Amino acid sequence: MRETGHPVDVAVGQNIRLIRKARGLTQENLAAGLGVTFQQLQKYEKAANRVSCSMLIRICEQLGAHPMDILPPVNGVAHPLTDTPLYRDAQIVHLAQPRLLPELRRLSRAQLHTLLLAARAFA
């Protein structure tokens, strides 16, 4: 039976994968930028290996992300603003298309909600 990683390591790996995919990078692309094999990156993403602090910073630099985008909430308590589906959707949009988010801010709340529902229907 395969052991699962520590919940923090699992969350870090999932967030790295989410941001990497939102940026349109393959494991091979990101691994090359980090100077590791794609297998090593795969182990980070699956929490088979822990990400060191220095590697976390290198990953953030390669992904153009902030460490808080990758680290899980402290003590399981998320910030009230960031613990919402709308925030997570906005984060994914920002990571995939950073120039799009300022344009979305021009929409009314009702227009944004309609757009979000349409996007989810096509996802």
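The model is predicted, so local features need pLDDT of at least 70 and side-chain atom pairs count only at pLDDT 80 or more, while totals for chains, interfaces and linings use all residues. Residues are numbered from 1 along each chain as its sequence is written, and side-chain values use heavy atoms, with hydrogens and water left out.

Start with the overall plan. The protein has eight helices and zero strands. Read from the N terminus, the elements run α-α-α-α-α-α-α-α. Helices here are DSSP runs of H or I with at least four residues, strands are runs of E with at least two, and both are numbered from the N terminus.

Next comes the surface. The accessible surface of the protein is about 8,600 Å². Carbon and sulfur atoms own 59% of that surface. Such areas come from the Shrake-Rupley method with a 1.4 Å probe, and for residues only the protein chains shown count as cover. Of the 123 residues in the protein, 24% are buried. Buried means under 20% relative accessible area, exposed means over 50%, and partly exposed lies in between (1.4 Å probe, protein chains only).

Now look at contacts. A contact means heavy atoms within 4.5 Å. Take the contacts between residues at least 6 apart in sequence: 56% of them join residues at least 24 apart.

Turn to the helix pairs. Helix 1 (residues 7–22) packs against helix 3 (residues 38–45) at an angle of about 120 degrees. Their axes are 7 Å apart. Axes are lines fitted to C-alpha atoms, for helices over the stretch in contact, and angles run from 0 to 180 degrees between N-to-C directions. Helix 1 and helix 3 are therefore oblique to each other. The scale is simple: under 35 degrees is roughly parallel, over 145 roughly antiparallel, 65 to 115 roughly perpendicular, and the rest oblique. On the helix 1 side, the residues in this contact are G13, Q14, I16, R17 and R20. They meet L41, Y44 and E45 in helix 3. By class, the contact of helix 1 with helix 3 has three nonpolar, two polar and three charged residues. Nonpolar covers Ala, Val, Leu, Ile, Met, Phe, Trp, Tyr, Cys and Pro; charged covers Asp, Glu, Lys and Arg; the others, Gly among them, are polar.

Helix 3 also meets helix 2. This pair packs at an angle of about 105 degrees, with axes 8 Å apart. Helix 2 and helix 3 are therefore roughly perpendicular to each other. Helix 2 brings Q27, E28, L30, A31 and L34 to the contact, and helix 3 brings F38, L41, Q42 and E45. The contact of helix 2 with helix 3 has five nonpolar, two polar and two charged residues.

Helix 2 (residues 27–34) has another partner, helix 4 (residues 53–63). The angle is about 120 degrees and the axes are 10 Å apart. That makes helix 2 oblique to helix 4. In this contact, L30, G33 and L34 of helix 2 face M55, R58, I59, Q62 and L63 of helix 4. The contact of helix 2 with helix 4 has five nonpolar, two polar and one charged residues.

Now pick out single residues. Which residues does R20 touch? R20 lies in helix 1, and at 6% relative accessibility it counts as buried. Leaving out residues up to four places away in sequence, R20 touches L25, T26, Q27, L30, L41, E45 and L63.

D9 is another residue of helix 1. D9 is buried, with a relative accessible area of 15%. Beyond four places in sequence, D9 touches A47 and R50.

A47 counts as buried, at 9% relative accessibility. Most residues other than glycine have a negative phi. The phi of A47 is near 65 degrees, a positive value in a residue other than glycine.

F38 belongs to helix 3. At 31% relative accessibility, F38 counts as partly exposed. F38 touches Q27, E28 and A31, again not counting residues up to four places away in sequence. F38 and T26 are 12 residues apart in sequence, and their C-alpha atoms are 8.9 Å apart.

Finish in helix 2 with N29. N29 counts as partly exposed, at 42% relative accessibility. N29 and Q62 are 33 residues apart along the chain, with their C-alpha atoms separated by 9.9 Å.
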